[in-house]
Amino acid sequence: MKSFEHMSPTSVQEAVKMLSVGNARVIAGGTDLLGIMKDGLLPTDRVVDLKAIPGLDKIREESGELRIGALARIGDLASSALVQQKAPALAAAAFAVASPQIRNAGTLGGNLAQKVRCWYYRDADRADCYKRNGSYCYAIFGQSELHALFDGAACFAVTPSDTAIALSALAARIVVAGPKGEREVGVDDFFIGPAVDYMREVALAADEIIVDVRIPSTWSAQPSVFLKAAPRKAIDFARGSVGAAVIGSPVIQKARISLGAVAPTPKRATASEAFLEGKRLDAATIAKAAELATEGAKPLANNAYKIRLTQGLVRQALTRLAS
Amino acid sequence: MKAKKITEKRILELLDDPQFNLIAAESPWAFADEIEAVNQYLMATTPKLPEHLRAVQPQQTRIVGRRVARIEDPDRLTGQAIFTTDVRLPGMLHTAILHSPHAHALIENIDTSAAEALPGVRAVLTYKNVLKERIGGPPDMFILNQEIHFAGEEVAAVAAEDIHTAREAAGLIRVTYRVLPSVTDAEAALAPGAPDLGHGAEGIARGNQLAMSYPLTKRGNFDTAYAGAAVKHEGTYRTSTLQHATLEPRAAVALWHGPDQLTVWASTQYIMGVRAELATTFGLPRSHVRVICQHMGGGFGDKSSSVRQGRIAAILARMTQRPVRVEYDRQLNFNAASHRYATVVKLQAGADRGGKLAAYRADAISDSGAYAAFSLADVMVSLVRTYHAENAHFQQVSALTNRGPSGFQRCVGNPQGTFCQDIFMDELAEKAGMDPLDFRLANVETKVDQDRKLPWASCGIVECLQEGAKAIGWRQKWHKPGAAITGSKAHGIGMTAHACAHGSMAFPMTAMMKIDRDGSLDVIQSTTDIGGGQSTQMMMIGAETVGVRLEDAHPSYGDSAFTADSVGTYGSLQTMTGGSAVRVAGLDLKWRILQQATKPLPPKNAPLLPGKPEDLDTGDGFVFLKADPSKRVPIRDVVASTGGPMMGQGAHTIPAGYGMSTFAAGFAEVEVDLDTGDVRLLRYVAANDVGKAVNRLGVEQQIEGASSMGIGMVLGEEMKFDGPGNFPVNWNWENYAMPTVLETPKWADYKPIIVEPGDAIGPYGAKGVGEPPTSPPAPAIANAIYNAIGVRIHDAPITRDKVLAGLAQIRRG
């Protein structure tokens, strides 16, 4: 790893200012950034450490919302009684992240803003990848089992964040701080696909940081689930995941279903959501909703299995919500 | 094929060649004539246990068979163990290695000037300034090559004051490659028009087919027997490229003392082999090279020789006159270290109406990877011996490709062979209308090595099958395929029978024994302990044989300067051969102790004990009269009466006239999620014929460890290569899905069964166990998955995509 400057601001304003100079990167848990720096994937002259900023790790109920500071550790989210009660899908997603060691270091903000895991992007030898300022996507003709069924363009890497999928199902909002103060953005707008900008995955400017995540009262305390499928029971990033929440029982008034590992961003299963409105969750309804979830999928050479997997996960998620 | 005439001079050369020992241990059909000649020579020249030592064998065992924690455990568990990667010497330089991004390329130009100019850089090594030496195993591989044969291959090495400087400098080396056509599929490499990977090395390959490939065993007449069989079956089965994924990567630290004395700390399974290789490289007497490996962070077959890393460290150390450390980074270790080769096997068999195998044929193609590495003819080892087949034909062809070099990996070709064979046998059993267990019991070979026509020195395969079946509840749980589905979960159960040569082979080895005046015993062995508990086991055999208490014994191992000589720790042969040498050395020392105990001593001219040596025995630190054990003296008094320590020495012995084999059975119970394709291994029973357990705890640990590797082979492990580029994509822990503790059953459901028929050759009846349990899990689990979902999957690993595709054939569209 090359030498870099390490800075330790004590306020959000200070941090944002430090980020505005050169190739500066935010560090909190460091579970993603350090690997990126060792592999030389992103030029980094300056690392701005958020851990000394007080108050950014609070998990609390405020104005009827469940609010979680960006520095809250993934492990704390998984074990928080408040999160388990108000947003069961988020607690389950946090528990599904990596391993205990990584959950104890990694933060919610970092989990949302982490870089993609595409094995071509992460291979320093493949420097002509679009995402590394090149002009080629290896996944299109290569090994594509990790890659996107939907919305791929110059890049087919999928969103790696488990918590993002749960937050998408829970209609969360992300609070972002920058030089001009704070702004709020809906979780589905926070993630951007390659059609918008293949160089970045989230709507964060270089001098912006995530400070808070808010789950509105409409969706907190509603039944919600998160399911994940990966090669191994721990450690791995999802090959398929689903976050689902419903309002109304036994007749569903509104449903939110978000799919992970199938698109560059959390992918809302809008056709399934619309189909479920006004229906009861019986076996036939569940089967149809699951089938609709992957409508429009465009598999590459090695990832067609994700269609069946995602349908299976949606089936299981809705079956759980039905009981 | 006509046997070649092998001269005695050639036999002696081969016996002295560490690489030949490796090949002979792992692939008895490559160089078949040479190996047969060497075996005959060894049979004729290996001493039988002398009469006087036969007479002093212990009357009963006190230590062999106990459960003993490994002697290195406290050091390892408290972090105090010094592994090769922990060695730090004053003034030591660190090395970074640049690798090729291309699968097949010629280096047209390599400019190291910017790297050399970086402050802190002390030496840069490329193919231009490295010793031009064809190295060891792969005979067409140089220490560094100008023509690159796989993506990830070593191109240059930089030694610098610290690792960061070395890495930065490696990044400054400018290489111009001419990219050449490449191929990473063995069948494609053998097809007409494939890129020529023959490397121009004489006698190594015809086209891309390795000259070491052999037409193998033929028995009776396959074609006639097959034509007349009542039940016929054929199928094609595939296994994938697997990595050892050792926690400690390839590593070495080299230190020169003057121009002709070299010490190397090497992460190796074979200190004496590395010593011989480095002596050859530098033209030194072997005694001038000292190789040390006290603790091993994972070998599993990859570290059977020093290959590139040891030589690079020693050359850089000689260039810089400084100690030099080489440690492969994880990417390099995944790609440039050896791997288990992918194999495709076509099987064909016929059975009679009663389900008895009448004709059996196997044709295998294995992917040897880059260089003429170690992919030989070993896929056939389990095929020729597990099942009784009088009309048979077995053949294996190995192809050069642009995958990395293949090599030995735990049980070498057998996991590939047994995976294919035992799915096939399951299918044949079904066609014959038989329960899979009954089919195996009716067909396993229980008596002889069918090709050498020699009786097994021991055979516990029937007991393995019966005890394993009982433990898993086979008779209660086996059901028709796809007949146990509850909701979205399907239950399945499957099994494997297995036999291989590992654990039963013998090669020349020596040992020494030293007992001090205080009665403490130093078991000076030739074993390189690779974490399998070898040194502890040798200590047990030594203490048992000499008759001291276990707590008074200590093993000396892992340093070529003061230990005995041996072959390496591979082929699971240390128990059989190293253990035999230790036993003979122990008997030699014991005989001397008994002589001394009965010798008249001054001043009274009276012996310590009455009678002749053969009237005495030893145990628990005493010499005693067999007829009256209360008449005894401490061994230490006997030793002290000589005025100094006493020593014994010995070499292994092999009684002739036996076939040698180990046997195993595996039983698996799985649950398959029909929605997601998840396979959960609920229970696994491994039954292994170990002859006799020397260290019961060690045997259980080896069975568990080897089974876990077998589970990985079927549930997720696979090196994947990019289609157009032929470079590996999943060279890290993240994407190479080794099983974690969560993928293996919890201990109560992960049952080792130790079968102990007693072996006619092994010390105290023991055979080795480090490898044979690796093979059964994969086919047992594959068969269980079939039993659960009713769809056959022939290709390992059986991952989610294959399960979901299989399920798509049968339900829910």
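A salt bridge here is a side-chain nitrogen of Lys or Arg within 4 Å of a carboxyl oxygen of Asp or Glu. Keep that in mind for this predicted model, where local features need pLDDT of at least 70, side-chain atom pairs count only at pLDDT 80 or more, and totals for chains, interfaces and linings use all residues. Residues are numbered from 1 along each chain as its sequence is written, chains are lettered from A in the order in which they are written, and side-chain values use heavy atoms, with hydrogens and water left out.

By this rule, there are 71 salt bridges over all chains.

Start in chain A. A:Glu184 pairs with A:Arg214, 3.1 Å from N to O. This pair links distant parts of the chain: A:Glu184 sits in strand 7 and A:Arg214 in strand 8, 30 residues apart. Strands are DSSP runs of E, at least two residues, and helices are runs of H or I, at least four, numbered from the N terminus.

Buried or exposed? Buried means under 20% relative accessible area, exposed over 50%, partly exposed in between (1.4 Å probe, protein chains only). A:Glu184 has 41%, so it is partly exposed. A:Arg214 has 14%, so it is buried.

Next, A:Glu62 and A:Arg67. Their closest N and O atoms are 2.9 Å apart. Both belong to a salt-bridge network that also includes A:Glu184 and A:Arg214.

Now chain B. B:Glu154 bridges to B:Arg308 at 2.7 Å between the closest N and O atoms. B:Glu154 is in strand 5, B:Arg308 in helix 11, 154 residues apart. B:Glu154 is buried at 1% relative accessibility. B:Arg308 is buried too, at 0%.
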